[in-house]
Amino acid sequence: MSRRLSLTQAFVFLLRRDLLLALRNRAEYAMPLLFFVLVITLFPLALGALPELLARIAPGIIWVAALLAAMLSLDSIFRSDFDDGSLEQILLSAHPVAVLVLAKVSAHWLVTGLPLLLVAPLLAEMLGMPAAAQPTLLLTILIGTPILSLIGAIGVALTVGLRKGGIILSLLVLPLYVPVLIFAASATENAAMGFEVSAQIYMLLAFLFLSISLSPWATAAALRMSVS
Amino acid sequence: MFLWFHKLGSPPHFYRIAGKWIPWLSWIFLMLLLAGLYGGLIEAPPDYQQGESYRIIFVHVPAAWMSLFIYVVMAFCGAVIIVWRMKLAEVVLISSAPIGASFTFLALVTGSLWGKPMWGTYWVWDARLTSELILLFLYLGIIGLHNAIEDKRVASRAVAILALVGVVNIPIIHYSVEWWHSLHQGATVTKFDKPSIHWSMLIPLLLMALAFQVYYVLALFQKCRVELLQRERNSKWVEEL
Amino acid sequence: MSSSALLETRDLSCNRNDRLLFEHLDFGLEPGQMLVVEGPNGCGKTSLLRILTGLRLADGGEILWRGEPIDRLAGDYYEQVTYVGHHDGVKHELSCLENLRLARAMGMPSTAGLDDILEQVNLYAYGETEVGSLSAGQKRRLALARLLATDAMLWILDEPFTSLDKASMSMFASLFEKHLQRQGLIVMTSHHDISLPTLSVQHLQLGRQS
């Protein structure tokens, strides 16, 4: 009779531990959100506050900003665990590492991706996005940001052992974000014009399922590489 | 099976074989290149729509094919590295990256050179050019990551993972860019998409593709030999050379 | 090498940046035995320990646990292993108890109560304290408390006595002794001269000129 925790229990345990850590490091996790808002504020300042123009480019701006904010937050998935040796302990766990990785990525999404959902309506309003597009915007954020965390986790796992991982991380991750950007922005734009958006949403969902099933394995392999 | 694989992949063995092949490959490449260029630039008739400027496809299209082909080779090496930890695959993967990046760059440059007479501008956000640009970033990511990690065996594992992740993503990126393009520029015709191609153009095109293929193997062999010597500089077989 | 060895290495070799650290390394460890890896700095002690945990890949050879390669066993090997490396592997933002609970959740939990464990390593008063405010020696003791919180047979310890005082050192030394008496295995490196009066200590000297 094994006293080892079941896989689900281990998953939940690690998820809760990461959420607890995030709660104790609130300030650090607020930064990407702040950055998201800040980047969006820059666009009207650079392009002029023409309402038609802003409304037209709002989906694109919001999604580019979401990509950059996700990029900025990625490092926190594994950085502190790598520095203090907790990552070694996770890799030496009796549970499959890919599942533990998924727990960590889920926690990361809950504290960095989900908050974007809360501020996005506000920003959409400020940019004058048509009200009809806002539910679609939120839906794309809900489906799209977990993909960003999942793909980003591979990139961080590959670069967490490097002294100057930041620049190279963006080079690795941003090209892989292109499909999310295209489908999410195009869905929101179509919704603003009153068109059908289900095709894009299905593509995003397919992409989400693909990343959930593949990314944790790649991330686990990359972490093993990084600690050695 | 494994033993056979092992022998083929043994660095001294490969070093010798590659050295023997290089002169032959050089001649084959030169002949294919000359034949292809002659067929493409002199024999093939001018296009009835695009005049002489279409002739750049004899470089552009094979370069674009090679850029994808080499990435697939790298991903295959990545799988071999992860499963068998074969040293030669590591060397082939990382030696392929700059060659693939060069072909991608060549495809981009020739593509935009063609854009000038066709559209009056060097860059249009054409679906294939855009995909090609993103592919270039993927190549540069692999090269950058490999350079950033000091221990070369660790670096090889890192790029192996990255190449595999990339190869899963390339079709998705390609498809999404096509989608994006059709959405925003539905009216323009993709430029290299011709319904049919006359054999007088097809033959030089295939010759050029073959020439590029041989060039890849040639360049790969040379790079691999250098990389092998560097990595194995402390081993017995290198000292005996 | 007897067939009763639980942990065995076969023809193990390791390079670092083109430099050969060791090769043709063969040893076997039976239940109740301890292996002390010795040698000067940079001779590959830590690398060997990390290879034994599977964190680092060997450049040649294999490691067997009960006769099976460890990379094939994966989780079934890891529930038998507790590793304390250079890094303490404790989270500074969590309390001592939270850290120990995590260690348990990740491995095979032992039956001992967490309070008893903290008592044993002299951290009972700090159960709810955030680890960040502890001293280096206290953090080390907490890291070593993982050995008690989990029920692993094989302890792999890299310089376990770093920043510990005399009293704590002898306390852990007696813990090691107990673990060996219970038929456990220990592989460790240490610069500290500890007296372990057991019969079953093997010494492995790395980095000798050969």
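**Figure 1. Helix 2 of chain A ends at a glycine.** Helix 2 of chain A is followed by A:G48, which has a positive phi, near 90°. Helices here are DSSP runs of H or I with at least four residues, strands are E runs of at least two, and both are numbered from the N terminus. This is a predicted model: local features need pLDDT of at least 70, side-chain atom pairs count only at pLDDT 80 or more, and totals for chains, interfaces and linings use all residues. Residues are numbered from 1 along each chain as its sequence is written, and chains are lettered from A and ligands numbered from 1 in the order in which they are written. Helix 2 covers residues 26–47 of chain A, 22 residues in total. At 1.5 Å a residue they should span 32 Å, and the end C-alpha atoms lie 33 Å apart, which agrees. The expected span is 1.5 Å times one less than the number of residues.

**Figure 2. The buried residues of helix 2 of chain A.** Four residues carry the label: A:P32, A:F36, A:I40 and A:F43. Buried means that 20 or more other C-beta atoms lie within 10 Å of the residue's own; exposed means 12 or fewer, and partly exposed is in between, with C-beta atoms placed from the backbone. An α-helix has 3.6 residues a turn, so residues three or four places apart point the same way. The buried residues of helix 2 pack against helix 3 (51–74) and helix 6 (97–126) of chain A. Contact means that the C-beta atoms of two residues, placed from the backbone, lie within 7 Å.

**Figure 3. A:P32 in its surroundings.** A:P32 sits in helix 2 of chain A. A:P32 counts as buried because it has 22 C-beta neighbours inside 10 Å. Leaving aside neighbours within four places in sequence, A:P32 is in contact with A:A69, A:L72, A:S73 and A:T112. A:P115 is 83 residues from A:P32 in sequence, yet the two C-alpha atoms are 9.7 Å apart.

**Figure 4. Where chain A meets chain C.** On chain A, 23 residues are in contact with 23 residues of chain C. Helix 1 (7–24) and helix 5 (86–91) of chain A are the elements that give two or more residues to this side. By class, the chain A side has 10 nonpolar, 7 polar and 6 charged residues. Nonpolar covers Ala, Val, Leu, Ile, Met, Phe, Trp, Tyr, Cys and Pro; charged covers Asp, Glu, Lys and Arg; the others, Gly among them, are polar. For the complex, the predictor gives an ipTM of 0.92 and a pTM of 0.92.

**Figure 5. The parallel sheet of chain C.** Five strands form an open sheet in the order 6-7-8-3-9, with parallel pairing. Two strands pair if DSSP finds at least two bridges between them. Strand 6 (81–84) and strand 9 (201–205) stand at the edges, each with a single partner strand, so one side of each has no neighbour in the sheet. Neighbouring strands are turned by 15° against each other on average, direction ignored. Chain C averages a pLDDT of 89, and 94% of its residues score at least 70. pLDDT is the predictor's confidence in each residue, from 0 to 100.

**Figure 6. Strand pairs within the chain C sheet.** Strand 7 (residues 154–158) and strand 8 (residues 185–189) of chain C pair in the parallel sense over 5 bridges. C:D158 stands opposite C:T189 in strand 8. Strand 3 of chain C runs parallel to strand 8, joined by 4 bridges. Strand 3 also runs parallel to strand 9, joined by 5 bridges. C:M34 has bridge partner C:I186 in strand 8 and bridge partner C:V201 in strand 9.

**Figure 7. Helix 1 of chain C on the sheet.** Helix 1 (residues 45–53) packs on the sheet and touches strand 3 (34–38), strand 6, strand 7 and strand 8 of chain C. Its direction makes about 150° with that of strand 7. Axes are lines fitted to C-alpha atoms, for helices over the stretch in contact, and angles run from 0 to 180 degrees between N-to-C directions. C:G54 follows helix 1, with a positive phi near 85°.

**Figure 8. B:L207 in the all-helix pattern of chain B.** Chain B has 8 helices and 0 strands. B:L207 lies in helix 7 (residues 199–231). With 22 C-beta neighbours inside 10 Å, B:L207 counts as buried. Beyond neighbours within four places in sequence, B:L207 is in contact with B:L32, B:A35, B:G36 and B:G39. Buried residues make up 40% of the 241 residues in chain B.
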